[in-house]
Amino acid sequence: MKAVRFYAKEDIRVEDVPAPQSVGPRQLVVKPLVCGICGTDLHEYAAGPIVTPLHPHVFTGATLPQILGHEFSAEVIETGKEVTRVRKGDRVSIQPLVMPLDDYFSRRGLNHLSPKMGCIGLSWQWGGMGEYAIINDYNANKLPDTVSNEQGAVIEPSAVALYGVDRAKVGAGSTVLITGGGPIGALSALASAAAGAVKIYVSEPNPNRRAQIEALGVTTQIFDPKKDNVVELLREQTEEGVGVDSAIECSGSEAGLNTCCEAVRNRGTVAQVGLHVRKALVDPALWALKDITVEATWCFEVTMWPRIIGMIEGGTYPVEKIVSGKVKADNVVEKGFKPLLDPSGSQMKILVQM
Ligand SMILES: [Zn+2]
C-alpha cells in the first residue's frame, strides 16, 4: 500500500509499505479518506524528529520511519472479533491518542495525560496518510451521514480548540481575546462563538491569516500585533476599560502569552493552548495583582468526539471553514508542507486526499 512516511528532518517519502496483515480482537482496519496536515507534522518536517520516535515507543513500539497523519476520517474495512462500537462500512473520525486504559490517569478519564501515551500518525505503526491503517476500537467515532469526510478529518484540531475554550471558561456573554490566527486560533474563534461569546477578538501578524479569520464571520475585531497596541485597544472596548473575560493563547509565543495576561480583566482566565518551543519571560506578579487564572492545556479529552460531532450536525461549530486546500498524497510535500510552512503564506489547513 502507498503511505507518506517521515524519515528525518526535511525527509518525507511517499512509498510502498506492507499493508495490515492481521487485526487484534479490539482493533479495526480502516481506509483513511481525508487527512489534515497539522502544525505538529510541520514541526517534524522542519526540525524533527521531535515527537516521532527514534527508539521504539515505550507503549506502542513504533519507531521511525513513521506514517504521518493524526487528523483523519476513515472507512471501516475490517473489525476484530470483540469490536462492537462500529461495523464494516461505517465512516469514522479518528481520536488519535493511544494509551494503556488501566493506568492512573486513564482510570480517571484523563487518558490524554497517560505518561505512556502515543499517537496514531506520530508514534504508532500506522497513520492517516496511508491507504490503510490499524487502529483500536476506542479510536473510532462513527460519523452520521450529515457530517462530511472533511468535517470528520478536522475534528481532532477542533477538539484541541474546544478544550481551550472550555478551560478558558468562555460562556454565554463572554468577551474573548485569541492570540494567534492559525488553524487552532481560527477554530478557537468558532468554538468561542459556539459557546456563546459575544465579543471575539483575534490578534495575528500575517495579513493573509487575518483575512481568513475575518471570513469566519464570528469576530468583532482583528488586530495586527506588530502595529496595534492590543491591550489598549481592548481596554477601550470593554466596560470601564477592565479588559476581556477570557483569553486563549494559540501562537505559542512569549508575546502572545503576555498579551493575554495583560488583556484579561481582574479574575479573568487565560488558557495556554499553543505549544511553546522555548521558555518564556512572564510576569507572575501581574497575574497575582490581577488575581487571574492561567490554565495550560494539553491535547483534549478523548471523550470529546461525540460532543463535537453533535455541534457540527447542529451547525453551531462549522469546523470545515478552516480548510483552505486539498492535495493528493503524491504532492504532499510540495503542495502541502511547503505552502503551510511559508510564514506569509495564505494556507490555513490543507487536507490530503487519500
Ligand atoms: Zn494535530
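User: Why is Thr-297 called buried, and where is its place in the chain?

Analyst: In this predicted model, Thr-297 has its place in the loop between strand E16 (293-296) and helix H10 (305-314). Its relative accessibility is 11%, and buried means under 20%, so Thr-297 counts as buried.

User: With which residues is Thr-297 in contact, leaving aside its neighbours within four places in sequence?

Analyst: Thr-297 is in contact with Tyr-163, Gly-164, Arg-167, Gln-272 and Val-273 once those neighbours are left aside, where contact means heavy atoms within 4.5 Å.

User: What makes Met-99 buried or exposed, and what is it in contact with?

Analyst: Met-99, whose place is in the loop between strand E7 (97-98) and helix H2 (104-107), has a relative accessible area of 2%, and is therefore buried by the cut-off of under 20%. Leaving aside neighbours within four places in sequence, Met-99 is in contact with Phe-59, Ser-106, Asn-111, Ser-114, Met-117, Tyr-138 and Val-302. As for Leu-122, which stands 23 residues from Met-99 along the chain, the C-alpha atoms of the two are separated by 13 Å.

User: How do you know which residues are the protein donors of the zinc ion?

Analyst: Cys-38 (SG), His-70 (NE2) and Glu-71 (OE) lie 2.2 to 2.6 Å from the zinc ion, and donors are N, O and S atoms within 2.8 Å of the metal, so these three residues are its protein donors. Their spacing in sequence is C-x31-H-E.

User: Why are Cys-38 and His-70 called buried?

Analyst: The relative accessible area is 12% for Cys-38 and 3% for His-70; since buried means under 20%, Cys-38 is buried, and His-70 is buried as well.

User: Why are helices H5 and H6 called roughly parallel?

Analyst: Helix H5 (residues 183-195) and helix H6 (residues 207-216) pack at an angle of about 20°, with their axes 10 Å apart. Angles under 35 degrees count as roughly parallel, and H5 and H6 are therefore roughly parallel to each other. The crossing in which H5 passes H6 is right-handed. On the H5 side the contact is made by Pro-183, Ala-186, Ala-189 and Leu-190, and on the H6 side by Arg-209, Ile-213 and Leu-216. Classed by type, the residues of this contact are six nonpolar, no polar and one charged.

User: What makes the phi of Glu-10 worth a remark, and why is this residue called exposed?

Analyst: Glu-10 has a positive phi of about 55° although it is not a glycine, and it is found in the loop between strand E1 (2-8) and strand E2 (11-16). Its relative accessibility is 54%, and exposed means over 50%, so Glu-10 counts as exposed. Lys-169, found in the loop between helix H4 (155-167) and strand E11 (175-179), is likewise a residue other than glycine with a positive phi, near 60°.

How values were computed:
Residues numbered from 1 in each chain as written. Predicted model: local features only at pLDDT ≥ 70, side-chain atom pairs only at ≥ 80, totals over all residues. Heavy atoms only, no water. Axes fitted to C-alpha atoms, helices over the stretch in contact; angles between N-to-C directions. Helix = DSSP H or I, 4+ residues; strand = E, 2+ residues; numbered from the N terminus. Parallel < 35°, antiparallel > 145°, perpendicular 65-115°, else oblique. Left-handed = near helix turned anticlockwise from the far one by under 90°. Nonpolar A, V, L, I, M, F, W, Y, C, P; charged D, E, K, R; others polar. Donors = N, O, S within 2.8 Å, 3.2 Å for Na, K, Ca; no water. Buried < 20%, exposed > 50% of the residue type's maximum accessible area, 1.4 Å probe, protein only.
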